[in-house]
Amino acid sequence: MRYLLAVFGIVLTVSGAWAQGIQQTKGEFQDKFRQLDEVLPSPNVYRNAAGEPGHQYWQQQADYSIKVSLDEPARRLTASSTITYTNNSPDTLRYLWLQLDQNRYREDSIAEMTRTFTAKPQGSVNLRGALKPQIRIRSLRRMQDQADMDYGYDINRVEDTRGNALPHTIVGTLMRIDLPRPLAPGRSTSFEIDWAYNLVNQDAMGGRAGFEHFPDDAREGGNDIFLVAQWFPRMVAYSDYEGWHNKEFLGSGEFTLEFGDYDVEITVPDDHIVSSAGVLQNDRQVLTATQRARLAEAANADRPVFVVTPEEAEANESSNPTGTKTWRFEAKNVRDFAWASSRKFAWDAQGFKQPGAEFETVMAMSFYPKEGGELWQKYSTAAVVHTMDVYNRFAFDYPYPTSQSVNGPVGGMEYPMITFNGPRTTLQDDGTRTYTMAEKRFLIGVVIHEIGHIYFPMVVNSDERQWTWMDEGLNSFLDSVAGYEWDPDIPWTRSLPRDLVYYMVSEEQVPIMTQSDSVLQLGPNAYGKPSAALHILRETILGREKFDFAFREYSRRWKFKRPTPSDFFRTMEEASGVDLDWFWRGWFYTTDHVDISLDRVFQMRMDTEDPDIDLARAREDMQNEPAKIGVTANEAEGLETWVQRFPDIRDFYDENDIYTVTNKERNEYKLFLDDLDPWERQVFDRAVAEDGEYYVLEFSNVGGLVMPIILGFEFTDGSTDKVYIPAEIWRKNPHRVSKLFVFEKGRELNQIIVDPDWETADADLENNYYPRRITPSRVEAFKFRNPYSFDRRDIMQDIKTELLTDESKTEDAAEGKSGG
């Protein structure tokens with residue numbers, strides 16, 4: 001028995017060493033170019049080594065037939081669904097998992113129980129002068145709303161299609177259904193669920209959906225906009241690399257879903273307009289003849305056409321429903337389904353043409369209340385069309401019949417064929433509406449971003465909860481491309497390398513590959529840094545031709561499939577023909593930053609070895625040195641030297657210096673030339689004749705992230721040059737390297753700048769200059785006020801304003817308000 005345990009212990013030890021990968025235990029060498037084979041999952045029959053789906057690739061399918069009713073006064077949904085689940089895996093399944101995302105709003109959910117207190121102990125002081133912590137009014141409102149409401153699903157029935165109850169267990173935001181018989185590979189099963197839940201007040205609870213109330217509308221009791229998402233029990237994804245993706249929904253990590261077909265009947269008050277994923281099937285029952293005619297006109301219009309005009313929408317605000325209408329939508333091959341409903345909506349539409357595609361005319365549409373105003377009329381549908389135009393070039397033709405932008409309380413969120421976008425106009429004192437440059441930029445940017453998400457991840461179906469960057473980062477890269485193609489003068493931010501320097505040096509940076517719920521700063525980590533990395537790949541490392549080909553290949557391979565990071569990494573390398581393991585390792589697996597310092601520059605001249613030339617040059621160099629300070633002072637005082645007082649003591653060495661050429665040096669020079677082989681003599685004579693300008697540049701890698709070295713040369717004659725040194729220069733020494741440059745005679749360097757166009761996110765611009773420059777900056781005057789001084793007036797004011805009204809950015813990110 002001891003022998004067996006000992007052997008087993010040895011096996012464990014050896015296995016542990018293997019699991020750690022290659023280890024460098026001597027010296028300072030770090031292999032920044034080590035291949036990722038030891039990190040990435042091994043290729044298999046489902047995902048091959050080239051980064052494309054393997055010959056036995058599979059994915060599950062979940063089809064839904066849903067009937068849902070909106071109770072507007074109660075702000076409650078009641079629904080029933082039939083789900084047909086097809087097991088395309090090679091595994092036999094004894095139970096199924098579903099997502100119950102609304103349960104995250106329950107007071108006892110993991111998401112709610114693990115919310116931390118984000119107030120900061122700063123600002124006001126008490127009577128003793130001690131700092132008082134502050135709590136935000138928004139946080140108080142959220143707690144009050146949650147205490148007043150009963151949020152989360154009421155699961156009323158779970159049965160098979162014959163009416164037999166199915167055992168089920170709710171685990172937080174998940175529900176397991178135990179099957180009466182195992183589901184074999186290639187077989188399907190159907191079951192039915194009845195459920196209901198109270199829609200959250202999005203302004204109070206945050207999140208990616210909910211209602212927004214407008215108490216000041218002319219209608220008694222006001223109006224609501226309902227944005228409905230994560231509203232039905234959805235199948236948990238089951239994949240070849242993880243099995244059931246049954247990770248609790250905590251708020252930050254979004255969704256991992258299966259494709260399927262949807263048939264959805266939405267019953268709402270009969271004065272509502274509904275925007276939904278899919279295609280409306282019963283337009284004659286829910287739209288007027290005028291609305292249908294306008295919609296037909298819009299299909300061939302080159303600018304948006306109103307289906308419901310702003311005037312009609314505003315008039316509709318004061319109406320009261322006389323009953324209900326049921327809108328029926330079908331959506332094919334989608335991974336999710338969302339919708340919106342309100343009597344406040346104006347509706348405009350425009351056909352987007354993509355000849356040769358499955359859907360040659362895509363209906364680009366926007367739904368918005370009067371609060372959207374001219375801002376939405378000008379820019380929403382136009383931005384939808386622009387996004388498809390740009391993304392089609394980089395990925396594939398838009399694969400659905402509609403593409404929609406809906407205004408409501410959610411800042412930005414995406415679903416198949418429909419997006420929620422928040423920016424609006426501001427009501428002025430004179431009753432007119434206006435918007436700021438920030439709101440314009442926000443609307444155009446968020447529409448581009450959210451419509452872009454219909455490509456990534458709604459079609460290229462990555463696992464958002466595990467790898468947020470695979471949709472947010474790729475999409476942020478493309479939305480910045482689309483943004484600059486819209487108008488480069490708009491001050492877009494967050495997506496270029498220069499925008500991410502602050503985060504790259506931050507102590508709160510975590511690797512991009514971190515699971516989304518553990519990321520400290522989701523915006524820069526999942527959106528900005530991956531986007532900056534892809535911009536560097538496209539513009540600096542690969543070039544546009546190779547990058548664009550590889551990116552399109554990735555998009556094509558994984559259209560309507562589920563890629564992982566390794567599939568992306570491998571495809572980009574295979575299709576571009578460039579080894580990028582060093583890039584993925586540095587940018588995605590570490591928190592290193594870019595800081596390449598140009599430490600020293602040596603200017604040199606080729607010696608001719610001819611003593612009559614080289615010694616004369618040496619004498620000239622010596623004579624150009626500053627005079628010895630003591631000798632200069634003596635001469636200034638008129639001090640007479642000894643040899644001046646007694647010139648008769650001068651000899652041969654006073655008439656000749658160490659640079660005087662003798663026959664000994666001339667004979668050595670002749671022997672040197674005679675000893676050269678013919679080819680060596682040819683090379684040497686050419687170098688001497690050309691008499692070029694030689695420079696050795698010494699670099700250090702301060703930030704740790706290996707990157708190409710990009711140099712801007714400025715010469716004394718006014719000319720400039722730009723040189724790109726591949727990152728592989730760091731392969732033998734990732735800390736320090738030197739590089740020799742030779743320029744033609746007379747072309748002397750005046751200045752050298754590392755990364756002159758700010759394309760690599762270099763964190764320290766000052767060590768990029770040689771010679772070092774005087775750092776440009778500005779100074780601002782201010783009046784000092786002691787933060788600890790106070791009087792009674794300060795205290796009374798603090799009592800009034802102790803509760804802050806500003807909203808925490810941390811809470812925004814956790815609730816999904818800042819963009820999907």
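Tutor: Leaving out residues up to four places away in sequence, Trp-231 touches Ile-66, Val-68, Leu-77, Tyr-153, Trp-195, Tyr-197, Val-264, Phe-337, Ala-338 and Trp-339. The model is predicted. Trp-231 belongs to the largest nonpolar core, a set of 187 residues. Together with Phe-337, Phe-420, Phe-568, Phe-583 and Trp-587, Trp-231 is among the residues with the most contacts inside that core. The element that gives the most to this core is helix 8 (residues 373-394), with ten residues. In soluble globular proteins, nonpolar side chains tend to be buried together.

One of the contacts of Trp-231, Trp-339, lies in strand 18, which covers residues 339-342. That strand belongs to an open sheet of four strands in the order 8-9-18-14, with antiparallel pairing. Strand 8 (210-214) and strand 14 (273-276) are the edge strands, each pairing on one side only. On average, neighbouring strands of the sheet are turned by 10 degrees against each other, direction ignored. Between strand 14 and strand 18 there are four bridges, in the antiparallel sense. Ile-273 has Ser-342 of strand 18 as its bridge partner.

Asn-223 sits in strand 9 (residues 223-228). Its relative accessibility is 1%, so Asn-223 counts as buried, the cut-off being under 20%. The side chain of Asn-223 makes a polar contact with that of Arg-343, at 2.9 Å. Beyond its neighbours within four places in sequence, Asn-223 is in contact with Glu-212, His-213, Phe-214, Asp-217, Glu-317, Arg-343 and Lys-344. Of these, Glu-212, His-213 and Phe-214 fall within strand 8 (210-214).

Helix 9 (residues 437-453) has 17 residues and reaches 24 Å from its first C-alpha to its last, close to the 24 Å expected at 1.5 Å a residue. Twelve of the 17 residues are buried, so helix 9 is largely enclosed by the rest of the structure. The buried residues are Lys-440, Leu-443, Ile-444, Gly-445, Val-446, Val-447, Ile-448, His-449, Glu-450, Ile-451, Gly-452 and His-453. Among them are Lys-440, His-449, Glu-450 and His-453.

Conventions
Residues numbered from 1 in each chain as written. Predicted model: local features only at pLDDT ≥ 70, side-chain atom pairs only at ≥ 80, totals over all residues. Heavy atoms only, no water. Core = buried A, V, L, I, M, F, W, Y, C linked by side-chain atoms within 4.5 Å. Buried < 20%, exposed > 50% of the residue type's maximum accessible area, 1.4 Å probe, protein only. Helix = DSSP H or I, 4+ residues; strand = E, 2+ residues; numbered from the N terminus. Contact = heavy atoms within 4.5 Å. Pairing = 2+ DSSP bridges. Axes fitted to C-alpha atoms, helices over the stretch in contact; angles between N-to-C directions. Expected span 1.5 Å × (residues − 1). Polar contact = N/O pair within 3.5 Å; in protein donor to acceptor, adjacent residues only side chain to side chain.
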